[in-house]
Amino acid sequence: MNTVSIIIAIFNRRDELFELLNSLSHQTDKDFEVIIVDDGSSIDLRPTLAMFQEMLNIQFFRKDNSGPGLSRNFGARRAKSEWLVFVDSDVIVETDYIENIKKNIIENSCDAFGGADKAHKGFNLMQKAISYSMTSVFTTGGIRGNKKAVTRFQPRSFNMGVKKSAFEKVGGFSEMRIGEDPDLSMTLWENGFKTAFFDNIGVYHKRRVDFGKFSKQVYQFGCARPILNQRHPKYVKISFAFPSLFLIGYILGFIEYFLVGKGLILAMFGLYTFLVFFHALYQTRNISIAGMAVISTYIQMFSYGYGFLKSWFLLHILRMKPEEAFPRHFHR
């Protein structure tokens with residue numbers, strides 16, 4: 001039987017760590033280890049860990065802050081298992097999570113895998129709205145949570161497994177602080193490794209709890225994408241620029257309205273808003289979530305689109321190096 005090491009890089013999120021460890025303590029398959037890497041938290045996480053020491057096989061390490069990617073590498077070097085499974089500290093897993101992972105890696109030939117993220121019924125309305133916008137067919141094309149939406153799946157670090165031998169061969173996560181997980185996925189592809197999507201290992205992902213933090217997060221994702229395109233030109237897709245085109249189109253819509261007196265472009269955005277609202281209403285059966293989903297969708301498109309445009313301009317027009325343009329996005 002393949003063995004599994006769960007690796008959690010964490011910065012401060014004590015309450016969320018409790019919920020994650022609680023979900024891991026109820027697994028139907030108990031044969032796994034948990035490696036927790038405290039990435040320089042300002043609060044003491046050990047009292048939370050103490051509650052689960054008798055229920056879980058936990059290794060705990062504390063280190064200076066270096067960002068999630070290098071902290072996961074730190075944990076991976078100390079893992080004893082054949083498979084490394086990375087989860088974000090703000091997720092909850094189902095009781096058969098480990099059991100299903102082991103079944104899948106026996107039945108499927110792959111070197112890395114990922115699963116979907118979704119909203120738990122206990123999440124607040126804003127978290128559910130943000131979860132919708134991050135997984136909707138109208139924003140991401142559904143690629144984060146739907147096997148049929150992808151031809152070649154890019155595992156993400158909120159729910160990602162990698163064979164330790166493959167992870168070590170490519171050097172693990174890079175020095176990037178943002179976008180380090182798609183960077184790893186594409187590096188695995190470039191080295192001939194195969195990735196897979198597993199339907200039955202979805203996690204409940206809390207994400208950000210307010211629109212301001214969500215906007216900052218997706219802005220950073222937008223900034224990272226042109227850097228990733230530069231690092232992995234073979235896997236560039238025109239769809240990556242869609243949020244930027246969305247933002248530009250919205251601005252042109254207002255220019256058209258005020259200068260020409262016509263609202264054809266804005267009417268198209270009105271139709272888009274209508275579709276998002278009713279699709280979210282259909283999926284969530286909650287009118288409040290649907291309304292907030294419209295807001296979170298526009299925040300996602302505008303913030304990501306602006307980040308993408310800014311990054312593209314700095315890299316391709318001003319010819320700056322990624323480390324110069326976004327020093328906070330790289331560990332030094």
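1. The expected span of a helix is 1.5 Å times one less than its number of residues. In this predicted model, helix H11 (residues 287–317) has 31 residues, and the distance from its first C-alpha to its last is 44 Å, close to the 45 Å expected at 1.5 Å a residue. At the start of H11, the backbone nitrogen of serine 288 has a side-chain oxygen of asparagine 286 within 2.9 Å, and after H11 comes arginine 319, whose phi is positive, near 60 degrees.

2. The largest nonpolar core has 32 residues, and the members that touch the most others are Ile6, Leu21, Leu24 and Tyr97. At least two residues of this core come from each of strand E1 (4–10), helix H1 (14–25), E2, strand E4 (83–87), strand E5 (91–93) and helix H4 (97–107). Another core, of 20 residues, lies apart from it and has Ile130, Phe214, Val218 and Ile289 among its members. In soluble globular proteins, nonpolar side chains tend to be buried together.

3. Which residues does tyrosine 97 contact, leaving aside its neighbours within four places in sequence? They are Ile6, Gln27, Val85, Val87, Asn159, Ile201 and Val203, and one of them, Ile6, is listed with Tyr97 among the core members that touch the most others.

4. Two loop positions may be read side by side. Leucine 45 lies in the loop between strand E2 (32–39) and helix H2 (46–50), and it counts as buried because its relative accessible area is 0%, where buried means under 20%. Not counting residues up to four places away in sequence, leucine 45 touches Ile10, Asn12, Arg14, Leu17 and Asp38; from leucine 45 to phenylalanine 60, 15 residues apart in sequence, the C-alpha to C-alpha distance is 9.6 Å.

5. Aspartate 31, by contrast, is in the loop between H1 and E2 and counts as partly exposed, at 44% relative accessibility. With residues up to four places away in sequence not counted, aspartate 31 touches Thr3 and Lys102, and its C-alpha atom is separated by 19 Å from that of alanine 50, which is 19 residues apart from it along the chain.

6. The whole structure holds 26 aromatic pairs. In one of them, phenylalanine 61 and phenylalanine 74 are arranged edge-to-face, with 5.8 Å centre to centre and 75 degrees between the planes. This pair links distant parts of the chain, since phenylalanine 61 belongs to strand E3 (residues 57–63) and phenylalanine 74, 13 residues apart from it, to helix H3 (residues 68–77). Phenylalanine 74 counts as buried, at 14% relative accessibility.

7. Phenylalanine 242 and phenylalanine 246 also form an edge-to-face pair, at 6.3 Å centre to centre and 65 degrees between the planes. Both lie in helix H9 (residues 242–260), four residues apart, which is about one turn of the helix. An α-helix has 3.6 residues a turn, so residues three or four places apart point the same way. Phenylalanine 242 is partly exposed, at 37% relative accessibility, whereas phenylalanine 246 is buried, with a relative accessible area of 6%. The two belong to one aromatic cluster, whose members include Phe138, Tyr250, Phe254 and Phe302.

8. Arginine side chains also meet aromatic rings. The charged end of arginine 72 sits over the ring of phenylalanine 173, 5.1 Å from the ring's centre, and arginine 225 lies over the face of phenylalanine 240, at 4.0 Å from the ring centre.

Key: Residues numbered from 1 in each chain as written. Predicted model: local features only at pLDDT ≥ 70, side-chain atom pairs only at ≥ 80, totals over all residues. Heavy atoms only, no water. Buried < 20%, exposed > 50% of the residue type's maximum accessible area, 1.4 Å probe, protein only. Contact = heavy atoms within 4.5 Å. Core = buried A, V, L, I, M, F, W, Y, C linked by side-chain atoms within 4.5 Å. Phe/Tyr/Trp six-rings, centres within 6.5 Å; stacked < 30°, edge-to-face > 60°. Lys NZ or Arg CZ within 6 Å of the ring centre and 35° of its normal. Polar contact = N/O pair within 3.5 Å; in protein donor to acceptor, adjacent residues only side chain to side chain.
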